[in-house]
Every structure is written in C-alpha cells, then in structure tokens.
Amino acid sequence: MTQKIAATLIAGDGVGPEIVDATLAALDALQAPFQWDRQVAGMEGLKSTGDPLPPATLESIRHTRLALKGPLETPSGGGYRSSNVRLREEFKLYANLRPVRTAIPGGRYENVDLVVVRENVEGLYLGYEHFIQIDDDPHAVAMATGVNTRQGSRRLLEFAFEHAIATGRRKVTIVHKANIMKALTGIFLETAQQVYDRKYKGRIEMDTAIIDACAMKLVLDPWQFDTLVTTNLFGDILSDLVAGLVGGLGMAPGANIGTDAAIFEAVHGSAPDIAGKGVANPTALMLGAALMLDHCGLSSLANRLRAAIDQTLNADKVRTRDLGGTASTSAFTAAVVKRITHG
Ligand code: NAI
C-alpha cells in the first residue's frame with residue numbers, strides 16, 4: 001500500500017468549503033495518498049474558536065509541514081491581521097510561486113505561460129504601520145515602513161533561479177522600482193545581479209524591468225516574459241494581473257514554500273459575492289493541489305489532474321460561469337472526476 005502523507009486541511013471562508021470539497025473529490029479520484037488533519041483559520045477560526053489562527057492549526061502544520069487551504073477572509077482597514085500573512089511568517093514561507101497558463105484557447109491571449117515568484121515575508125507586508133493624530137483627526141497621517149533584507153532577497157532569488165532551471169524555463173525577469181525606492185527595492189535588484197553573476201550566469205537568461213513598465217508590457221505582449229521575480233507587494237499585484245491574462249482568478253494556483261512548511265492554495269480570496277451559491281470555479285485550488293502533488297514527488301498524479309482539468313474545459317466544454325460557461329461547482333467537479341477515472 002502507498003505510504004500515507006499527513007497534511008493539514010483548512011477549508012477556509014466564503015467559497016473555501018465549496019472549492020475544497022471539489023478538490024478533495026478530484027484528489028480522492030486520483031487516490032492521492034494524503035491523510036488529512038482538518039483545522040480552521042480566518043473568519044471560521046474566529047467564529048468557532050475565537051482565534052483567526054488557532055494554536056491547534058499552527059500545531060498541525062508544525063507537525064505535517066504540509067497544508068492545503070481555502071481562502072481566508074481578512075477584514076479591510078481595522079480588525080484582525082491577515083491569517084495568511086501570519087502563516088507565511090510563522091512557517092517562514094518566503095517563496096510564493098504563482099504559475100499561470102492559458103487553459104482555454106480562443107481567448108484574448110493565447111499560449112500564455114508565466115510564473116510569478118513573489119517574496120512572501122518581507123517588504124511592505126510586515127505590518128509596520130501607524131497613524132498619527134493631528135487635532136481631532138486620529139488618522140491625519142498614515143505611515144508604513146517596508147523592510148527588505150539581503151539574506152531574504154538572496155534566498156528568494158536563489159529559489160526562483162533554481163525553480164526556473166529545474167522546470168526548464170527560458171528567462172528570469174527581476175521586477176523592481178529601484179529608480180524611486182532606491183533602498184527598499186534597490187537591495188533586491190542589487191542582490192539579484194550578485195546572485196546571478198555568482199551562480200546562474202550561463203545557465204539561464206536574466207533581465208530586469210521596472211514594475212510600472214512591466215505591468216504595461218504584460219498587457220501588451222505577455223509572451224516576452226517567462227518567469228517574473230519580485231518583492232512582496234509588486235508580486236501580489238502582478239500575480240493577479242497575470243491571472244487576468246488566462247481567464248481570471250478562478251484559474252490561478254499558488255504555493256507558499258519555506259524552510260519549515262509548504263502551503264498550497266488558490267491565488268483568489270473568499271469571493272463573498274458568490275459564496276454559498278455553488279458557482280465558484282474550483283480550478284485554481286485543484287491546480288494548487290497539483291502543485292502540492294509535485295512538491296511531494298507525485299508529479300504523475302499532478303499531471304493526470306492537470307490533464308483531466310484540460311479535457312473537462314476543452315474537450316467536454318464544461319465550464320463555470322466565470323469562464324463563460326453554465327456549469328455549477330459540483331457539475332464541473334463531477335466532469336473532472338469522470339475524466340480522472342475514465343480518461
Ligand atoms: P476575491 O479574490 O475573493 O474576489 C475577486 C473577484 O473574483 C470576485 O468577483 C469573485 O467573485 C471572483 N472570484 C474569486 N474566486 C473565484 C472563483 N473561484 N470562481 C469564480 N469567481 C471567483 O477578492 P476580494 O473580494 O478582494 O477578497 C475577499 C476576501 O478574501 C478578503 O477578505 C481578502 O482579504 C481575502 N483574500 C484571501 C486570500 C487568501 O486566502 N489567499 C487572497 C486574496 C484575498
């Protein structure tokens with residue numbers, strides 16, 4: 001019998017439970033050897049245990065070092081700090097890998113195949129923010145401090161180059177704003193050049209792009225890029241942008257990889273506008289599960305899952321509403337499961 005792999009499962013908020021159930025159905029059909037430890041976080045964690053990141057959830061991931069999670073809601077403005085950001089910090093998940101590929105031919109952009117590698121624990125996401133009161137306005141001034149370190153930049157850049165070479169990518173583009181934020185993103189650019197010259201020159205091509213121009217070029221001609229590596233905030237924005245090139249957030253998976261654990265998810269959030277309606281597209285999380293299978297050395301299962309999704313979308317033409325189809329989450333899932341089981 002195949003050795004079981006212990007993994008933490010967090011259903012998450014909003015559409016989370018719907019797309020997690022769909023993904024589990026696909027993984028069951030593949031007979032993926034995961035042994036799930038179900039935990040809670042986000043709004044669901046707050047409601048059921050009084051804590052958006054309960055100690056039992058942290059303990060579970062500490063033990064399994066592997067998790068699949070649905071999106072976690074974070075209140076905007078006030079309220080609790082993002083459980084996603086805290087998970088990344090807690091388990092030093094410094095690399096956020098977000099690959100996108102055109103899944104349905106005939107759209108606005110054909111043959112897009114890009115990877116965004118985002119620094120996940122530094123930059124402007126540290127939460128070093130505060131307001132200053134002037135007279136009777138408590139929010140008269142807002143301040144934020146970003147922190148990027150040489151060591152943090154180096155480990156992310158090395159991850160990105162290693163991943164790009166191992167997966168046969170053509171080029172790595174370093175995305176920055178070192179012309180304006182000369183220290184904060186200058187250190188990232190400078191370190192990239194050092195790392196490249198020392199270890200990767202001659203093994204893969206590298207170039208650089210300024211974030212604003214890069215965003216425009218991605219819209220005009222995404223094919224000039226291959227792997228984009230950047231700091232936390234820019235990576236967050238660019239990965240949604242590239243998801244838009246391949247049909248939207250329903251198609252984009254994400255892996256958070258670090259020294260202590262790896263957590264797999266969809267790039268999108270809890271989608272409160274469609275939660276509970278049975279219409280969410282589970283593809284992004286299913287593709288996240290495929291990245292998890294790759295991570296566990298089970299690439300043949302990962303490739304079967306990707307092939308089943310491709311056949312469902314393109315041969316069977318079963319598509320959810322966000323892709324212009326009419327299928328419900330469960331109808332789409334049943335079609336993927338059928339493809340996995342019957343080919
Ligand atoms: P969102 O990604 O949840 O939704 C943006 C738009 O995309 C909505 O119109 C939504 O209906 C659509 N969409 C998202 N996923 C979809 C799917 N699977 N199928 C079909 N349509 C889909 O972004 P929003 O509304 O800004 O954030 C909602 C909540 O999610 C917030 O509390 C935010 O903090 C949280 N969030 C959590 C993330 C995570 O856990 N990794 C990532 C991003 C946001």
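This tour moves through the pocket, the cavities and a surface patch of a predicted model.

**The largest pocket.** Begin by selecting T74, P75, S82, V85 and Y125, which lie nearest the centre of the largest pocket. The space there amounts to about 1100 Å³, and 37 residues form the lining. Next, colour α4 (83-90), β6, β7 (137-144), α8 (232-245) and β12 (262-266), the elements that each give two or more residues to this lining. By class, the lining residues divide into 15 nonpolar, twelve polar and ten charged.

**The cavities.** The whole structure holds two cavities of 30 Å³ or more. For the largest cavity, select G123, L124, N148, M181, L184, T185, T231, N232, L233 and F234. These residues line a volume of about 70 Å³, and the lining comprises five nonpolar, five polar and no charged residues.

Then move to the second largest cavity by selecting K69, N84, L87, R88, L93, N256, I263 and E265. About 50 Å³ of space is found in this second cavity. Its lining has three nonpolar, two polar and three charged residues.

**The surface patch.** Finally, select I132, I134 and M143, which make a nonpolar surface patch of about 240 Å². I132 belongs to strand β6 (residues 129-134). Is I132 buried, partly exposed or exposed? I132 counts as partly exposed because its relative accessibility is 35%, and partly exposed covers the range between under 20% for buried and over 50% for exposed.

Note on methods. Residues numbered from 1 in each chain as written. Predicted model: local features only at pLDDT ≥ 70, side-chain atom pairs only at ≥ 80, totals over all residues. Heavy atoms only, no water. Patch = residues over 30% accessible without salt bridge, like charges linked within 9 Å, V, L, I, M, F, W, Y side chains within 5 Å. Areas by Shrake-Rupley, 256 points an atom, 1.4 Å probe, with all protein chains shown as cover. Salt bridge = Lys/Arg side-chain N within 4 Å of Asp/Glu carboxyl O. Helix = DSSP H or I, 4+ residues; strand = E, 2+ residues; numbered from the N terminus. Buried < 20%, exposed > 50% of the residue type's maximum accessible area, 1.4 Å probe, protein only. 1 Å grid on protein atoms, 1.4 Å probe; cavity = no way out; pocket = protein on both sides within 12 Å on 5 of 7 lines; lining within 4 Å. Points joined across faces, edges and corners; volume = space filled by probe spheres on them. Nonpolar A, V, L, I, M, F, W, Y, C, P; charged D, E, K, R; others polar.
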